[in-house]
Amino acid sequence: SLAGLLAAGLRLLDASPAGAAAIALTAAIALLPAYPLVATWLGKLPRPELPDRPEGILADNPLPPRSDVFAAVARSTELLSGLLLAAAVVSVLAIGYLVAIDSVSGAWLGLAASLALLLRARLFPTPAQRVPLLVGGLLGLTLLGFGLALRGDDTTRLLLLVALLAGAAVTLAAGLIYSRRSPSPYVGRFADIVDVLAIMALIPLASAVTGVYDAIRGLFASIGG
């Protein structure tokens, strides 16, 4: 059984291009919450030192120069924008490849990734950080719809057209409504739930694309045999 487990691990390491695309897509999106921390670390943003003793609260520690703080903030913001842009580009390329190979699990992975990109965009304050994620999510959905339209029949194309028109109408209506007032907490909570579900679905779907489940079934079949 140990030999079979090692053999299965070696087969997983020898991933196909589809598996590599799935892994890259999952990593790019799953690490989105860590990008701000990475940007502040690379940008060398100064952080206050918290006292570890009661008398440290009364200590008057010198503050870093204001110009250095402003420069570090600007540097960290640019780094975060670059990381988000790179994540969006990698996601679109990976989704395009998964659509091209006509993989069902790959299509579901692309759908979850596109939804995650669109929903994660609302957490970033500046247009330079939101726009790449929004464009990446929309391009991912467009690629998925294009692939479905190419391989589907006339009924599938008609349903896809209706879905696209309905989605465009809902997006336009939401944009007009929420441009004048803030969304209710229920809408934000619903977006949070869908965001978490989309992120959680990435690893199981990527495992299906990379063949993890097939390797596990083969392992148990060899043990049972």
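**Salt bridges and packing**

Author: This is a predicted model. Asp 195 counts as buried, because its relative accessibility is 3%.

Reader: Which side chain does Asp 195 meet in a salt bridge at 3.1 Å, N to O?
Author: The partner is Arg 120, with 3.1 Å from N to O. Asp 195 lies in helix α8 and Arg 120 in helix α5, so the pair ties together parts that are 75 residues apart in sequence.

Reader: And Arg 120, buried or exposed?
Author: Arg 120 counts as buried, at 16% relative accessibility; the cut-off for buried is under 20%.

Reader: How many salt bridges does the count come to?
Author: The count comes to three salt bridges. Another of them joins the side chains of Arg 122 and Asp 192, at 2.1 Å from N to O. This pair links distant parts of the chain, with Arg 122 in the loop between α5 and α6 and Asp 192 in helix α8, 70 residues apart.

Reader: What is the relative accessible area of Arg 122?
Author: For Arg 122 the value is 29%, which makes the residue partly exposed. Asp 192 is also at 29% relative accessibility and counts as partly exposed.

Reader: Which other residue forms a salt bridge with Arg 122?
Author: Asp 195 does, and the closest N and O atoms are 3.6 Å apart. Here too the pair links distant parts of the chain: Arg 122 is in the loop between α5 and α6, Asp 195 is in helix α8, and 73 residues separate them. Through shared partners, the salt bridges join Arg 120, Arg 122, Asp 192 and Asp 195 into one network.

Reader: Let us step back. What does the secondary structure come to?
Author: The protein has nine helices and zero strands. Of its 225 residues, 27% are buried. Among contacts between residues at least 6 apart in sequence, 80% join residues at least 24 apart.

Reader: What about the surface?
Author: The accessible surface comes to about 14600 Å², and 72% of that belongs to carbon and sulfur atoms.

Reader: Which residues touch the most other members of the largest nonpolar core?
Author: They are Leu 25, Ile 29, Leu 32 and Leu 109, in a core of 30 residues. Helices α2, α3, α4, α5, α6 and α8 each supply at least two residues of this core, and the largest share, seven residues, comes from α4. In soluble globular proteins, nonpolar side chains tend to be buried together.

Reader: Take Leu 32. What is in contact with it, leaving aside neighbours within four places in sequence?
Author: With those neighbours left aside, Leu 32 is in contact with Leu 84, Ala 87, Leu 117, Arg 120, Phe 124 and Leu 133. Of these, Leu 117 and Arg 120 are among the buried residues of α5.

Reader: What covers the buried residues of α5?
Author: The cover includes α2, α4, α6 and α8. As for its length, the 17 residues of α5 should span 24 Å at 1.5 Å a residue, and the end C-alpha atoms are 24 Å apart, which agrees.

Reader: One last item: where is Gly 43 found?
Author: Gly 43 is in the loop between α3 and α4. At 0% relative accessibility, Gly 43 counts as buried. Not counting residues up to four places away in sequence, Gly 43 touches Ala 72, Arg 75, Ser 76 and Leu 79.

Key
Residues numbered from 1 in each chain as written. Heavy atoms only, no water. Helix = DSSP H or I, 4+ residues; strand = E, 2+ residues; numbered from the N terminus. Buried < 20%, exposed > 50% of the residue type's maximum accessible area, 1.4 Å probe, protein only. Contact = heavy atoms within 4.5 Å. Areas by Shrake-Rupley, 256 points an atom, 1.4 Å probe, with all protein chains shown as cover. Core = buried A, V, L, I, M, F, W, Y, C linked by side-chain atoms within 4.5 Å. Expected span 1.5 Å × (residues − 1). Salt bridge = Lys/Arg side-chain N within 4 Å of Asp/Glu carboxyl O.
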